[in-house]
Amino acid sequence: MALGDNPLMYNSYRPVPGWALLLFLAALAVFGVALRLFVGPDLMELGMLGILGAFYAVMLCAVVVSIAPLRTAAFPALGVRGAGWKPVVFGAIGTLVLSVAVSKIGPEVKGMQAVEELVREPRAFLSSLLLLGLLAPVVEELIFRGLLYGWIAGRWGTIPAWLVSSIAFAIAHYEPAHILLVLPLGLLFGYLRRRTDSLLPSTVAHIVNNSFAVLAAAYVDG
């Protein structure tokens, strides 16, 4: 598939229904409360890596619950389909270039310092790479470029879906400096999603970005 193709007109395309998004939010709240009740103070004893792991596990479970009623229509609705190698390669290389550029000219993100210190610990490196470099990107892409993008695109078109999902993705990183750094990447990920109607290029690009950041924190910045 060429990078400029946009197969939203294909018969396989299925928008995400509004109830699926509401079900995701409800499941997220229920799982979050359950985690708090059953784990409670013990959650803090897991350390930052354990807390992040529990956080992404809860979000992944909420995604599964929200799309389960769609059955086989869940995959096309989320954009889980193949894509040509060109947008995958373009996204990976473009992400690395953009990530380095924004890290050089952008503000310092204080909230990332603790994560960087964790990554530098030899015993935590592999777990950090799997969690932050693989699980986190997959979960975030399913939520922002999957559920949210699919819902908006099915109602108002792909341009609003691209912009809104990108902004929401950036805002989810909560720290103002981090939002500024993440927004250009979010726009690139959204562009890949829109131009290919596939979650694959943006997910690969996101994995490349996060894995590169983990490796840089462990072996370059340290």
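R81, R193 and D197 are linked in a network of salt bridges. A salt bridge here is a side-chain nitrogen of Lys or Arg within 4 Å of a carboxyl oxygen of Asp or Glu. The structure holds 3 of them. This is a predicted model, in which local features need pLDDT of at least 70 and side-chain atom pairs count only at pLDDT 80 or more, while totals for chains, interfaces and linings use all residues. Residues are numbered from 1 along each chain as its sequence is written, and side-chain values use heavy atoms, with hydrogens and water left out.

- D197 and R81 meet through their side chains in a salt bridge, at 3.2 Å from N to O.
- That pair links distant parts of the chain, 116 residues apart. D197 sits in the loop between α9 and α10, and R81 in the loop between α4 (74-78) and α5 (85-105). Helices are DSSP runs (H or I, at least four residues), numbered from the N terminus.
- R193 also forms a salt bridge with D197, and their closest N and O atoms are 3.0 Å apart.
- D197 has 2% relative accessibility, so this residue counts as buried. The term means under 20% relative accessible area (1.4 Å probe, protein chains only).
- R193 is buried too, with a relative accessible area of 0%.

- R145 pairs with E141 in a salt bridge, the closest N and O atoms lying 2.6 Å apart.
- The two residues are 4 apart in helix α7 (residues 122-156), which means that about one helical turn separates them.
- R145 and E141 are both buried.

- Helix α10 (residues 200-219) has 20 residues. The helix reaches 28 Å from its first C-alpha to its last, close to the expected 28 Å. The expected span is 1.5 Å times one less than the number of residues.
- The axes of α9 (residues 176-196) and α10 come within 8 Å and cross at roughly 155°. Axes are lines fitted to C-alpha atoms over the stretch in contact, and angles run from 0 to 180 degrees between N-to-C directions.
- The crossing angle therefore makes α9 roughly antiparallel to α10, a label for angles over 145 degrees.
- L185, F189, L192 and T196 of α9 make the contact with P201, S202, A205, H206 and N209 of α10. Contact means heavy atoms within 4.5 Å.
- These contact residues divide into 5 nonpolar, 4 polar and no charged. Ala, Val, Leu, Ile, Met, Phe, Trp, Tyr, Cys and Pro count as nonpolar, Asp, Glu, Lys and Arg as charged, and the others, Gly among them, as polar.
- Buried residues of α10 include P201, S202, A205, H206 and N209.

Technical notes
Buried < 20%, exposed > 50% of the residue type's maximum accessible area, 1.4 Å probe, protein only. Parallel < 35°, antiparallel > 145°, perpendicular 65-115°, else oblique.
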